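Subject: Structure handover

Hello,

Here is the structure you will be working with. Please open it alongside this email, and read on for what was found.

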Amino acid sequence: MRVALRRGSFLLLFLLVVALAGGQDTATPAQDLPGGAQLVAAGVWFLQGDVDKGEANTTVIEMPDYLIVVDGGYPGRAKELLQVLPKLSPKPVKYVFDTHAHGDHAYGNSVWTAAGAETMAFAAVSADMDRWEPGRWKALQQTREDLQASGEQDVERPKKTIDGERLTLEGGNRIVEFLAPGWGHTDGDGYVWLPKDRVLVTGDAAVNGPYSYLADAWIEHWPRVLEAAIQLRPEVVLPGHGPAGGEEILVGQRRFLLDLYRAVEVQIAYRRTPRQMRIVLPPWDKPWTPANLLPDIEDTYAEIVERVPAGSIAHEAK
Ligand SMILES: [Zn+2]
């Protein structure tokens, strides 16, 4: 309950800060912006994907002469966004950053390239695509019409690769830092940090709801990366799925992973297999706990008994 109150009050504070901070620019209520966009800071828009369609969230960052898109989505979603963005800002999209290699974030790459943008990601993202694709693309193509309509057989790799763990773009009053703080949700996880605006875009390294996906993760290490993200002291956190919020998203995601890991460890000590495990996580984990926890238990179990990151164990996408 304490957590729920804190989450609620933070959201109110966050909305108040957004309303006050932007002055005239934020006079338009969020729900009236094109595409359901939310203005979370001056020149920073958050577009929440439809979780029922498996869509990821997208963030748009305005620079003096161009826009940066973080997570361009599936091809169909990318086409929708290309219609919406000119209504938010007349500036062209110059860069599209893939936070990681998953299809709901990166499969629209070729749509953005065709529209004149340059896709980019940390080097490990392309490596992940080489490892998982085109298998996942082809599997998903069976059910997704936008992949069928693309006529393509594989995800287009990011055109620009960021070497190292950080890239900074500056322009006008804006600083944009692309950070690769380590293996959490995937080994290619990239965050976008706006230090002046104190806005953190996490990709699926943090989600706001029961959307965690652990199959490609390093579950034991992930909370440490989130701790580093918390140390940035963001005021606004834009997750990969679910609504925007504040630091409580990072805190909650971290705690869910820690509690799950410990619970599975205890059950392993009783020599139970994942299907024999009866795990009830603490109440504060409820917002992050899916209706069926078994896949997460299986991934955590595999990581613990094999003594390597879950994502490094050969597996199919679930
Ligand atoms: Zn993902």
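Start at leucine 238. Leaving aside its neighbours within four places in sequence, leucine 238 is in contact with Val40, Phe46, Asn57, Thr59, Val199, Leu200, Val201, Thr202 and Ala244. Contact here means that the C-beta atoms of two residues, placed from the backbone, lie within 7 Å.

Please note that this is a predicted model: local features need pLDDT of at least 70, side-chain atom pairs count only at pLDDT 80 or more, and totals for chains, interfaces and linings use all residues. Residues are numbered from 1 along each chain as its sequence is written.

**The core**

Leu238 belongs to the largest nonpolar core, which has 77 residues. Val40, Phe97, Val199 and Leu238 touch the most other members. Helix α9 gives the most to this core, with 7 residues. A nonpolar core is a set of buried Ala, Val, Leu, Ile, Met, Phe, Trp, Tyr and Cys residues joined through C-beta atoms within 7 Å. A residue is buried if 20 or more other C-beta atoms lie within 10 Å of its own, exposed if 12 or fewer, and partly exposed in between; these C-beta atoms are placed from the backbone.

Buried residues make up 44% of the 318 residues in the protein. Take the contacts between residues at least 6 apart in sequence: 64% of them join residues at least 24 apart.

**The sheet**

The protein has 10 helices and 12 strands. Helices (H or I, at least four residues) and strands (E, at least two) are DSSP runs, numbered from the N terminus.

An open sheet is formed by 7 strands, in the order β1-β2-β3-β4-β5-β6-β7, with mixed pairing. Its edge strands are β1 (38-41) and β7 (160-162), and each pairs on one side only. Neighbouring strands are turned by 25° against each other on average, direction ignored. Axes are lines fitted to C-alpha atoms, for helices over the stretch in contact, and angles run from 0 to 180 degrees between N-to-C directions. Two strands pair if DSSP finds at least two bridges between them.

Now go strand by strand. β2 (residues 44-47) and β3 (residues 58-62) pair in the antiparallel sense over 4 bridges. Leucine 47 stands opposite threonine 58 in β3. Next, β3 and β4 run antiparallel, joined by 4 bridges. They form a hairpin with 4 residues between them. Glutamate 62 stands opposite leucine 67 in β4. Valine 70 stands opposite phenylalanine 97 in β5.

Which way do the residues of β4 point? Leu67 and Val69 point one way, and Ile68 and Val70 the other way. All four are buried.

**Helices**

Helix α2 (residues 75-88) lies across β2, β3, β4 (67-70) and β5 (93-97). It runs at about 35° to β3. Helix α5 (residues 123-132) packs on the sheet too, touching β6 (118-122) and β7. The direction of α5 makes about 95° with that of β6.

Helix α9 (residues 247-269) has 23 residues. It reaches 34 Å from its first C-alpha to its last, close to the 33 Å expected at 1.5 Å a residue. The expected span is 1.5 Å times one less than the number of residues. The buried residues of α9, including Leu250, Phe256 and Leu260, pack against α8 (222-231), β12 (236-239) and α10 (294-306).

Most residues other than glycine have a negative phi, and most peptide bonds are trans.

- Glutamate 133 and proline 134 are joined by a cis peptide bond, with omega at about 5°. Proline 134 lies in the loop between α5 and α6 (135-141).
- Arginine 233 has a positive phi of about 60°. It is found in the loop between α8 and β12. Arginine 233 counts as exposed because it has 10 C-beta neighbours inside 10 Å.
- Arginine 271 has a positive phi of about 60° as well. It comes just after α9. Arginine 271 counts as exposed because it has 7 C-beta neighbours inside 10 Å.

**Confidence**

Mean pLDDT is 92, and 89% of residues reach 70 or more. pLDDT is the predictor's confidence in each residue, from 0 to 100. Where is confidence lowest, and where highest? It is lowest in helix α1 (residues 2-21), at a mean of 45, and highest in β4, at 99. pLDDT stays under 50 over residues 1-8, for which the model has 3 contacts beyond four places in sequence.

Best wishes
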